[in-house]
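This briefing is a guided reading of one protein model. Keep the sequence and the 3D view open while you go through the points.

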Amino acid sequence: MEFKEGRHRILMVSDFFYPNFGGVENHIYLLSQCLLKLGHKVVVMTHAYANRSGVRYMTNGLKVYYVPWKPFLMQNTLPTSYGTLPIIRTILIREKISLVHGHQAFSTLCHEALMHARTMGYKVIFTDHSLYGFSDIGSIHMNKVLQFTLADVSQAICVSHTSKENTVLRSGLPPEKVFVIPNAVDTTMFKPAPERLSMDPIVIVVISRLVYRKGADLLVEVIPEVCHLYPNVRFIIGGDGPKRVRLEEMREKHSLQDRVDMLGAVPHAKVRSVLNSGHIFLNSSLTEAFCIAILEAASCGLLTVSTRVGGVPEVLPDDMTVLAKPDPSDMVDAIKKAIRILPRIDPQEMHLRMKEMYSWHDVAKRTEILYDRALRCSNQTLLERLPRYLTCGAWAGKLFCLVMIIDFILWRLLQLWQPDSEVETVPDFKRTELKRG
Amino acid sequence: MADPSIISNARFIYVNDNHKFHPPHSVDSHHIIVHRSVVKPIVIYLIALLLVAHAVFLHFEKGEPVTAVIWSFFFGAVLVKFFIWRPIVKESVIIMPEFGVQLETHYGSGRIKRRFIPVSKNLKPVLNEHVTPVTCCWCLSLLIRDENELTLVFKKFRPPLKMLVPIWKALCAATDCKESFEFQEDGQARGLY
């Protein structure tokens with residue numbers, strides 16, 4: 001095999017990938033591209049989207065398996081516990097995978113893939129991208145599933161220290177196994193406008209999904225107040241969602257049609273141009289594990305005003321951001337402060353600082369260290385692994401052990417039906433560079 | 001050294017007849033034949049016979065109505081049809097340079113289904129990875145002009161890659177298109193991006 005020593009063959013698994021756009025999707029794609037540049041082989045596995053089913057190749061030879069399992073709820077594949085075992089086994093053998101990396105606690109495909117990969121003896125890594133609650137019924141069930149998956153994971157990654165605390169409490173994982181590797185931003189794509197905008201009017205940009213979780217209700221209170229206090233301030237709101245109606249009503253009620261622009265859903269490629277038309281970026285989320293949106297805004301040279309929730313305080317230095325409690329009056333004060341310090345901000349200097357601080361190549365290198373660590377963990381048999389599941393709970397522990405034993409038996413039966421040697425491995429394609437004349 | 005015109009595995013045998021016709025290389029045929037067990041048809045015929053015999057015995061000795069015998073004939077026929085006549089025993093690709101490609105499917109009952117694709121309609125042969133909810137395998141298909149879907153060369157068989165590659169190379173040569181990947185003996189492939 002041509003593969004150099006120390007190079008890994010990684011399978012990224014998640015329900016969330018291109019053609020969807022979002023934090024998790026971008027993270028997987030950009031991390032995979034940087035790992036490919038470092039010389040590793042990366043294969044992505046996700047479910048089929050509409051007509052997009054089968055094998056596709058993306059930039060730099062990133063191979064994506066769109067497995068034809070229909071999503072049933074909020075982009076997630078139907079959880080069948082053992083249904084995905086044959087296809088996951090086939091992909092792991094034919095691509096000669098050494099390591100499985102699952103993303104996002106809310107992805108059923110990720111949990112199933114990690115479970116089957118552990119049964120088959122592969123090392124697994126899990127990355128958690130969001131914060132979740134503890135008290136509502138959905139969270140309780142999901143946390144139990146997370147406990148099961150993470151009981152036997154080799155390493156886990158969280159995107160901020162707050163997220164690490166949240167994941168450790170939800171899953172009961174020992175903190176030594178969890179590593180913090182923050183997200184990053186593509187600073188080559190998010191650049192400030194070449195010419196600095198004039199200070200009149202001051203434009204405040206909001207780009208987010210207009211849902212409860214992202215604090216759309218706070219915006220409804222804050223915007224009229226700010227418009228009343230500062231006659232030279234305008235708002236640009238990009239994004240769509242169920243709360244859009246409330247914002248439109250607010251606009252009508254206070255006659256702010258000429259001062260508040262609603263752009264609707266903004267495609268990812270246009271986000272930069274929308275950001276470059278503003279001075280201040282407003283983020284009103286009620287919960288955020290990391291918040292890549294403020295990184296993108298800072299990379300474009302905007303001063304950020306945000307709610308002090310979750311992992312947001314860890315993202316930017318104090319002179320690039322003004323934080324507030326998720327309360328309308330506190331947020332209005334924060335915007336007042338931001339408008340006061342705005343003349344001192346230099347977008348180009350902010351962009352250069354962001355370039356130094358955040359880079360996907362750095363994230364890839366740190367993840368590679370984790371992969372090396374995971375592969376050094378010892379191989380364990382089923383009997384050695386079962387006691388870890390027993391700690392999940394009085395009844396749950398025994399149930400999880402039973403699930404793993406059945407998975408093991410099914411795997412052995414599958415090996416009898418179709419031995420590993422019968423699954424054909426895929427040849428490694430070497431890329432020759434096109435010579436440009 | 002093994003004859004390069006024959007490759008076999010547990011399920012399939014691949015045979016390439018390039019030398020049968022004169023002048024050589026005028027017609028190139030590739031066959032994929034499934035391993036046939038001698039025992040299976042004997043057992044199926046025996047079971048069908050036993051079924052009919054049992055029904056006849058029940059009719060004459062125990063007084064069962066004649067419908068029982070008719071049903072037993074019917075089930076016996078169904079058994080024979082599904083296990084002996086219906087399965088495909090051989091799939092062939094016959095390449096006639098300058099004319100086109102003929103795809104043949106041979107059934108257990110002796111029936112042969114043929115499809116001819118003229119060279120003008122044939123755009124390119126491709127080796128695709130076919131992903132199903134439970135597995136992933138290689139399949140050889142043809143891109144046909146004016147058709148939205150790929151035409152599978154082998155309708156039912158899923159032969160291994162080592163059998164598909166020589167057929168694909170022969171099809172590429174016949175349709176006069178450059179192979180975009182060079183396949184080497186050790187399974188490595190070089191490609192242009």
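The model is predicted. Over all chains, the structure holds 23 salt bridges.

**Chain B in outline**

- Chain B has 193 residues, and 38% of them count as buried.
- Three helices and 11 strands make up the secondary structure elements of chain B.
- Along the sequence, the order of these elements in chain B is β-β-β-α-α-β-β-β-β-β-β-α-β-β.

**An open sheet in chain B**

- Strands β7, β8 and β9 of chain B form an open sheet in that order, with antiparallel pairing.
- The edges of this sheet are β7 and β9 (151–152) of chain B, each of which pairs on one side only.
- Strand β8 (residues 136–144) of chain B is joined to β9(B) by two bridges, and the two run antiparallel.
- B:Ser141 has B:Leu152 in β9(B) as its bridge partner.

**Strand β14 of chain A**

- Strand β11 (residues 202–207) of chain A pairs with β14(A) in the parallel sense, over two bridges.
- A:Val205 has its bridge partner in β14(A), namely A:Phe281.
- Strand β15 (residues 303–307) of chain A also runs parallel to β14(A), and four bridges join the two.
- The bridge partner of A:Leu282 in β15(A) is A:Val305.
- In a regular strand, side chains alternate between the two faces of the sheet.
- Strand β14 (residues 280–283) of chain A is covered on both faces. A:Ile280 and A:Leu282 are buried on one side, and A:Phe281 and A:Asn283 are buried on the other.

**A salt bridge between the chains**

- A:Arg94 and B:Glu129 form a salt bridge, with their closest N and O atoms 2.5 Å apart.
- This pair joins two chains, because A:Arg94 lies in helix α2 (residues 85–94) of chain A and B:Glu129 lies in strand β7 (residues 122–131) of chain B.
- Are the two partners buried or exposed? A:Arg94 counts as buried at 1% relative accessibility, and B:Glu129 is buried with a relative accessible area of 11%.
- Both residues belong to a network of salt bridges that also includes A:Arg9, A:Lys41, A:Lys63, A:Glu95 and A:Asp428.

**Two salt bridges within chain A**

- A:Asp319 forms a salt bridge with A:Arg353, and the closest N and O atoms are 2.8 Å apart.
- The pair links distant parts of the chain, 34 residues apart: A:Asp319 is in the loop between β15 and β16 (321–324) of chain A, and A:Arg353 is in helix α11 (residues 347–357) of chain A.
- A:Asp319 counts as partly exposed at 44% relative accessibility, and A:Arg353 counts as partly exposed at 28%.
- A:Asp240 and A:Arg244 form another salt bridge, with the closest N and O atoms 3.6 Å apart.
- A:Asp240 is partly exposed, with a relative accessible area of 38%. A:Arg244 counts as partly exposed at 22% relative accessibility.

**A positive patch on chain B**

- Which residues form the positive surface patch? They are B:Lys81, B:Arg86, B:Arg111, B:Lys113, B:Lys155 and B:Lys156.
- One of them, B:Lys113, is found in strand β6 (residues 112–118) of chain B.

Note on methods
Residues numbered from 1 in each chain as written. Chains lettered and ligands numbered in written order. Predicted model: local features only at pLDDT ≥ 70, side-chain atom pairs only at ≥ 80, totals over all residues. Heavy atoms only, no water. Patch = residues over 30% accessible without salt bridge, like charges linked within 9 Å, V, L, I, M, F, W, Y side chains within 5 Å. Areas by Shrake-Rupley, 256 points an atom, 1.4 Å probe, with all protein chains shown as cover. Salt bridge = Lys/Arg side-chain N within 4 Å of Asp/Glu carboxyl O. Lys, Arg positive; Asp, Glu negative; His and termini not counted. Charge placed at Lys NZ, Arg CZ, Asp CG, Glu CD. Buried < 20%, exposed > 50% of the residue type's maximum accessible area, 1.4 Å probe, protein only. Pairing = 2+ DSSP bridges.
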